[in-house]
Amino acid sequence: QVQLVESGGGLVQAGGSLKLSCVVSGRTFSNYYMGWFRQAPGKEREFVADINWSSGSTTYADSVKGRFTISRDNAKNTVYLQMNSLKPEDTAVYYCAYRIVISSTYNKWGQGTQVTVSS
């Protein structure tokens, strides 16, 4: 069973930065994807970024390209989301998620961490 625990959320002013962390534990496949998603109040959950754990290849939503960076530390079993130049519209609960390579569905989720960007 895979467990995910996020941390690093908080309150920041527009233009500021935050770094989210997600520790991955349990039995994982040898290759998988870790993703970051977010859900703002009254909105559907949306994809932010993901990373292939083996190759390190990344994908980003257009709304965060050039501002957010996803990375992983294999030794620490941790995936990060560095968020720079934050905007009020980035305010949301951020979730990390796990899926195996052969599946398009993320089936393991963390509990979420709140990010609030004030204007």
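**View 1. Cys22 and Cys96 are both buried, meaning under 20% relative accessible area with a 1.4 Å probe and protein chains only as cover.** This is a predicted model, where local features need pLDDT of at least 70, side-chain atom pairs count only at pLDDT 80 or more, and totals for chains, interfaces and linings use all residues. Numbering starts from 1 along each chain as its sequence is written, and side-chain values use heavy atoms, with hydrogens and water left out.

**View 2. A disulfide ties Cys22 to Cys96, S to S 2.0 Å.** The rule here is a pair of cysteine sulfur atoms within 2.5 Å, and it gives a count of 1 disulfide. Cys22 sits in strand β3 (residues 18–26) and Cys96 in strand β9 (residues 92–100), 74 residues apart; strands are DSSP runs of E, at least two residues, numbered from the N terminus. The S-S torsion is about 55°, so this disulfide is right-handed.

**View 3. The largest nonpolar core holds 30 residues.** Such a core is a set of buried Ala, Val, Leu, Ile, Met, Phe, Trp, Tyr and Cys residues joined through side-chain atoms within 4.5 Å. Met34, Trp36, Leu81, Met83 and Tyr94 have the most contacts inside it. Elements giving two or more residues include β4 (32–39), β5 (46–52) and β8 (78–83).

**View 4. Here are the neighbours of Met83.** Leaving aside residues up to four places away in sequence, Met83 touches Gly16, Ser17, Leu18, Leu20, Arg67, Phe68, Tyr94 and Val115. Contact means heavy atoms within 4.5 Å.

Conventions:
Helix = DSSP H or I, 4+ residues; strand = E, 2+ residues; numbered from the N terminus. Buried < 20%, exposed > 50% of the residue type's maximum accessible area, 1.4 Å probe, protein only.
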